[in-house]
Amino acid sequence: ARSTPAGHSARGGAPAKLASNFSIAPPGAGWRTGPLDYYAKTYGDAWKHVGAIYAGVGTGPSIYQNVAAAVAHSGGKMVYNESYGATDSDFTGTIVKMQQAGVKMVYISTTDGPTTAYFVNAIRKQGLKWPIIFGATAYAPDFFTHVDSGADEGVINDQQFAQFFNADDAAALPEIAEYQKWMKVADPGQQMDIFSAYGWASAEL
């Protein structure tokens, strides 16, 4: 039987393996290594003492495994990791356990905006000077509405989505201007984030 083409961003599992799936961001078995090589050179020994949290559901565990392998490939090492649940908002205990494990910096890739903010808040409240780096998860507006004032200073976020949400890029790129225009028309209260960008691109596909 012929399969109906499915144009959507399959986040893993069986849907991603279907020949009929056409995803604008197909999940792979690895992780981008360019930023990691930069961190290895920039942070030296701290890159061998990395801590992370990851979503304990969906593709969170598998993405973490991909990231950990890529970190190791760049000469780094994950010395502590912990999964979190959808209702977790206090990471004080996690930070204490990271300190006990010898963590010197964090690199995290599977959180949402609020969880990212709660995690940063917990680090700052402990008075730690760790480099705090996120692989694409500190981009959303709701990160800034949940992070404590000044706590986000120095946080690094390597990602390729920022152009979707900036007015400057909309002025230079007509397709981004179109996306931003129709987001405001369809639902002015809906924040522009990677999920809406995936939806827009999937509809175009």
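Is Phe 91 buried or exposed? With a relative accessible area of 3%, Phe 91 is buried (buried means under 20% relative accessible area, exposed over 50%, partly exposed in between, with a 1.4 Å probe and protein chains only). Here are some notes to read beside the model.

1. **Ground rules.** This is a predicted model, so local features need a pLDDT of at least 70 and side-chain atom pairs count only at pLDDT 80 or more, while totals for chains, interfaces and linings use all residues. Residues are numbered from 1 along each chain as its sequence is written, and side-chain values use heavy atoms, with hydrogens and water left out.

2. **Confidence.** The protein chain has an average pLDDT of 89, and 97% of the residues score at least 70 (pLDDT is the predictor's confidence in each residue, from 0 to 100). Confidence is highest in H4, at 98, and lowest in H1, at a mean of 72. Where pLDDT is low, the predicted coordinates should not be read in detail. Helices (H or I, at least four residues) and strands (E, at least two) are DSSP runs, numbered from the N terminus.

3. **The Phe 91 pair.** Searching the whole structure gives 12 aromatic pairs. One of them is edge-to-face: the ring centres of Phe 91 and Phe 119 are 5.8 Å apart, with the planes at 75°. Rings of Phe, Tyr and Trp (its six-membered ring) pair if their centres lie within 6.5 Å; planes under 30 degrees apart count as stacked, over 60 as edge-to-face and the rest as tilted. Because Phe 91 sits in the loop between strand S2 (78-84) and helix H4 (92-100) and Phe 119 in helix H5 (residues 113-125), the pair ties together parts that are 28 residues apart in sequence. Phe 119 is buried too, at 0% relative accessibility.

4. **A ring cluster.** Elsewhere on your list of rings to view, Tyr 38, Tyr 39, Tyr 43, Trp 47 and Tyr 107 are linked into a cluster by ring pairs.

5. **Helix H5.** This helix is mostly covered, with 10 of its 13 residues buried. Among them are Gly 113, Pro 114, Phe 119, Val 120 and Asn 121. The buried residues of H5 pack against S1, S2, H4, S3, strand S4 (132-134) and helix H6 (141-146). The 13 residues of H5 should span 18 Å at 1.5 Å a residue, which agrees with end C-alpha atoms that are 18 Å apart (the expected span is 1.5 Å times one less than the number of residues). Just after H5 comes Gly 127, with a positive phi of about 70°.

6. **Helix H3.** The same check works here: 14 residues (60-73) should span 20 Å, and the end C-alpha atoms of H3 are 20 Å apart, which agrees. The buried residues of H3 are Gly 60, Tyr 64, Asn 66, Val 67, Ala 68, Ala 70 and Val 71. Their cover includes helix H2 (34-43), strand S1 (50-55), S2 and strand S3 (105-108). Gly 75 follows H3 and has a positive phi, near 100°.

7. **Salt bridges.** The count is four, taking a salt bridge as a side-chain nitrogen of Lys or Arg within 4 Å of a carboxyl oxygen of Asp or Glu. One of them joins Arg 32 and Asp 158, at 2.9 Å from N to O. Arg 32 is in the loop between helix H1 (13-17) and H2, and Asp 158 is in the loop between strand S5 (156-157) and helix H7 (167-172), so this pair links distant parts of the chain, 126 residues apart. Arg 32 is partly exposed at 26% relative accessibility, whereas Asp 158 is buried at 10%.

8. **Two further bridges.** Asp 45 and Lys 104 form a salt bridge, with their closest N and O atoms 2.5 Å apart. Asp 45 lies in the loop between H2 and S1 and Lys 104 in the loop between H4 and S3, so parts 59 residues apart in sequence are tied together. Asp 45 is partly exposed at 41% relative accessibility, as is Lys 104 at 36%. Asp 148 and Lys 125 meet in a salt bridge at 4.0 Å, N to O. Lys 125 is exposed at 65% relative accessibility, and Asp 148 is partly exposed at 32%.

9. **Ser 202.** This residue of helix H9 (residues 194-204) is buried, with a relative accessible area of 12%. Not counting residues up to four places away in sequence, Ser 202 touches Gly 7, His 8, Ser 9 and Ile 24 (contact means heavy atoms within 4.5 Å).
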